[in-house]
Amino acid sequence: MPTTRPDTINELIPILPRGVGIIPVYLQFRQGTADEFREGFGEYERQIGILADHDCDIIHPLGAPPFMVQGLEKETALVGAWQQTYRTPIFTSGQNHVRALRALNVKAILGVTYFLGDINDIYSKYFEDAGFVVTGMQGLPGVDFAKVQEVPSSQIYDFIKASFEKAPAEAIYILGSGWHTLDIVERLEQDLGVPVIHPQTARVWEIQKRLGIAEPREGYGSLMTKLPSIQEFSIR
């Protein structure tokens, strides 16, 4: 976990299939800047080593931004090296989101984030390097990184809908587990007519696939109801 926000894990556990256990370990990102993500990135491997010592079946480093700041090519090389070193399947949030989009045959996305400024261009490039057209990567204005969990989901819904009207795409991509948006996934899909890739539902989908589980869940969007097959990808 990139931050110590407890709500992320509290939201995740109820939508995981029964019997899937989690050992969470935490990093201490606080500012949400590209420089902080670069400078603190090395802590990920230490925590991965701890989880490998506990014989986890899968290790999932959360936090799309720290890996996207490294770039898709470097991320791919790092994960490959970690899997060899720790002999455990590993996937990042960014890789998970790309696989989820590919599983739904999406080629063009509109991204929404709780970041502002040039860092959103870094996120766009990550998905462009993965082969997607990015119609926009819009940051919700006026939100402090430390308080994103306090933003009402109704406000986020309005922001996403307005962004989609300006830059329509084949899917909506929500970046960031820090804000509470699970309750608007189904509504967005119904109202806008496109799938929504949400960080929580995407990770539950891939965890199920990697563990050989197939338990669809209603009310969380098409990825959770359809449980499509994983499609691997290469760097463009």
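In this predicted model, helix α9 is followed by Gly193, a residue with a positive phi near 75 degrees. The helix itself covers residues 185–192, and its buried residues are Val185, Leu188, Glu189 and Leu192. Viewed along the axis of α9, these buried residues fall within an arc of 100 degrees, so they line one face of the helix. An α-helix has 3.6 residues a turn, so residues three or four places apart point the same way.

Arg87 has a positive phi of about 50 degrees although it is not a glycine, and its place is in the loop between α5 (72–86) and α6. Arg87 is exposed, with a relative accessible area of 75%. For Leu227, phi is near 45 degrees, again a positive value in a residue other than glycine. Leu227 lies in the segment after α11. With a relative accessibility of 10%, Leu227 counts as buried, because buried means under 20%.

The largest nonpolar core has 67 residues, and those with the most contacts inside it are Phe127, Ile160 and Tyr173. Helix α8 gives the largest share of this core, five residues. Leaving out residues up to four places away in sequence, Phe127 touches Met68, His97, Val98, Leu101, Ile109, Phe132, Val134, Met137 and Tyr173. Another core lies apart from the largest one; it has twelve residues, among them Met1, Ile9, Ile58 and Leu62.

Empty space was examined next. Rolling a probe the size of a water molecule over the atoms shows where empty space is left. The largest pocket holds about 540 Å³ of space. Its lining is made up of 25 residues, of which Ile22, Ile23, Ile58, Ile59 and His60 lie nearest the centre of the pocket. The elements that give two or more residues to this lining are α1 (6–15), α3 (43–53) and α10 (199–211). The largest share, four residues, comes from α3. By class, the lining of the largest pocket has 20 nonpolar residues, four polar residues and one charged residue.

The structure holds one cavity of 30 Å³ or more. The volume of the largest cavity is about 220 Å³. This cavity is lined by 21 residues, and those nearest its centre are Pro2, Gly63, Tyr114, Ser177 and Gly178. Two or more lining residues come from each of α4 (64–70), α6 (93–103) and α10. Helix α4 gives the largest share of the cavity lining, three residues. The lining residues of the largest cavity divide into eleven nonpolar, eight polar and two charged.

Terms used: Residues are numbered from 1 along each chain as its sequence is written. This is a predicted model: local features need pLDDT of at least 70, side-chain atom pairs count only at pLDDT 80 or more; totals for chains, interfaces and linings use all residues. Side-chain values use heavy atoms; hydrogens and water are left out. Buried means under 20% relative accessible area, exposed over 50%, partly exposed in between (1.4 Å probe, protein chains only). The arc is that of the directions from the helix axis to the C-beta atoms. On a 1 Å grid over the protein atoms alone, a cavity is a set of points where a 1.4 Å probe fits but cannot get out, and a pocket is an open set with protein on both sides within 12 Å along at least five of seven lines; lining residues have an atom within 4 Å of a point. Grid points are joined across faces, edges and corners, and a volume is the space filled by probe spheres set on the points. Ala, Val, Leu, Ile, Met, Phe, Trp, Tyr, Cys and Pro count as nonpolar, Asp, Glu, Lys and Arg as charged, and the others, Gly among them, as polar. A nonpolar core is a set of buried Ala, Val, Leu, Ile, Met, Phe, Trp, Tyr and Cys residues joined through side-chain atoms within 4.5 Å. Contact means heavy atoms within 4.5 Å.
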